[in-house]
Amino acid sequence: MSYEHHILNPATEEVVATVTASTAADVDAAVVRATAAQRAWAAAAPADRARLLRRFAATVDEHIEELARLEVREAGHTLGNARWEAGNVRDLLDFAAGGVERLNGRQIPVAGGLDITLLEPLGVIGVIAPWNFPMPIAAWGTAPALAAGNAVLLKPAETTPLTALRLAELAREAGLPEHLFQVLPGAGDVAGHALVEHPGVAKIVFTGSTRVGKRIMAECADRVKRVTLELGGKSPNIVFADADIEAAALATPMSFLDNSGQDCCARTRILVQRTAYDRFMELLAPAVEAVVVGDPLDDKTQMGPLISRSQLERVRAYVPQGADAIRGSAPEGPGFWFPPTVLTGTAPDAPVATEEVFGPVAVVLPFDDEQDAVRLANATEYGLSGSVWTRDIGRALRVSRAVRAGNLSVNSHSSVRYSTPFGGYKQSGLGRELGPDALTAFTETKNIFISTEA
Ligand code: NAD
């Protein structure tokens, strides 16, 4: 039986839309349609597929402002961020389109014949996306999957289906074949589960919590279904005393406050060498207090609300009443607001220092030397991102190599670019997305030997 989801504006708590949730039967029907569409798509000339994806990118480009404002309404992102996110979808489509005609197999020297490999599309791909970056993460899976000759069924998060639904309309407007890219809004344990279980879905690309990711991996194992997992994080921001301390301190607030901390790469463990600790904190406190929190549509706003009441309660539960902290400001009244918070004096093994909070909360921990920094950085089950601040290039490389995480940045907090690979070590995930090999993750390699002896 179908039912409806009310989509709330997290800054005002007003209902902005009502969306009908997909049932398991809807997923069945979508798989049948996608299977037929995929066969025709895979048989089309590569240049034509590339051209259509470029047109899709151009159509997204014409609608950046509309998509951005929709994202502000359903997810509470700041307008500047939301514009970047819509632009990222365009860039991903363009980048993937460039790969269609470069998806080369190999010719391998063998005796008695010729050996070649083909990279064949998998078929129908299920992309399950979270609510924190609804547009870019949907596109991380969708753009390369389509470019490699697959069809895509996208299940957005319950709270943020609107931009995904609009992107599917824009794909049709751009001329992409009907049913090649379908969006199935709905509940994770209904529509999402149906995609994972469906024998007609060849691969699941899941981005979300480690808890749900583990379950999906187990369910995929039953069918030996291909799976990519992008999961949680608890990333360190390691500041050595030989760094430009002012630059490091001033860059720290937005390294965990961007998107209100609802970022899998948020640098929520600030590790500072003891000899520079006091100076760093002196600079950090006013920088955190100065962060502008408020109306996401105001150009000056740096941080908006959390996504939902339940997320707000979850974040609150991590911050003990009366704990020592630097605190920023947040609006009062309707909306899911929580102030920027940096906890000082937290034990390194406290839940707030080891678990993913997914809110504007970080802990600061002192360390003694390089070895101690690496030990603390690695003292978590996650391994997604991390930053190293130092002027010593040798140290920057040693520490970057020693931290068990997929995406490191030196004297910067940048983690994600569509042209570079992204993914997690340990319980932060499985497989890589983006980067030069993004399309290959949506193919099977077939080896063909042709005898020259006959
Ligand atoms: P979530 O795990 O609750 O949900 C993610 C998606 O999975 C949603 O679409 C949800 O409906 C669906 N889902 C839930 N249960 C399911 C089931 N049984 N079967 C199939 N699908 C199901 O995560 P969330 O709260 O939406 O997102 C926040 C999490 O995402 C954080 O942990 C964050 O770190 C992670 N994240 C990771 C990355 C990354 O690239 N590593 C990027 C962004 C977010």
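Modeller: Gladly; we will take the core, then the ring pairs, then the charges over rings. Keep in mind that this is a predicted model.

Biologist: Which residues have the most contacts inside the largest nonpolar core?

Modeller: They are Leu53, Phe56, Leu154, Phe181 and Ile204, in a core of 73 residues. Helix α5 (residues 134-147) gives the largest share, nine residues. Domain 1 (4-231 + 428-451) and domain 2 (236-417) both contribute residues, so the core lies between them.

Biologist: What does Leu154 touch, leaving aside its neighbours within four places in sequence?

Modeller: Its contacts include Val127, Ala138, Phe181 and Leu184.

Biologist: How many aromatic pairs does the structure hold?

Modeller: There are five. One of them joins Phe56 and Phe181, with 6.3 Å centre to centre and 45 degrees between the planes, a tilted pair. Phe56 belongs to helix α2 (residues 46-62) and Phe181 to strand β7 (residues 181-183), 125 residues apart.

Biologist: Is Phe56 buried or exposed?

Modeller: Buried, because its relative accessibility is 2%, under the 20% cut-off. Phe181, at 9%, counts as buried too.

Biologist: And how are the rings of Phe240 and Phe367 arranged?

Modeller: Their planes stand at 75 degrees with centres 5.2 Å apart, so this pair is edge-to-face. Phe240 sits in the loop between β10 (236-239) and α9 (245-257), and Phe367 in strand β14 (residues 361-367), so the pair ties together parts 127 residues apart in sequence.

Biologist: Which charged end sits over the ring of Phe240?

Modeller: That of Arg395, 4.5 Å from the ring centre. Likewise, Lys203 lies over the face of Phe442, at 4.9 Å from the ring centre.

Methods:
Residues numbered from 1 in each chain as written. Predicted model: local features only at pLDDT ≥ 70, side-chain atom pairs only at ≥ 80, totals over all residues. Heavy atoms only, no water. Core = buried A, V, L, I, M, F, W, Y, C linked by side-chain atoms within 4.5 Å. Buried < 20%, exposed > 50% of the residue type's maximum accessible area, 1.4 Å probe, protein only. Helix = DSSP H or I, 4+ residues; strand = E, 2+ residues; numbered from the N terminus. Domains from an automatic or database assignment. Contact = heavy atoms within 4.5 Å. Phe/Tyr/Trp six-rings, centres within 6.5 Å; stacked < 30°, edge-to-face > 60°. Lys NZ or Arg CZ within 6 Å of the ring centre and 35° of its normal.
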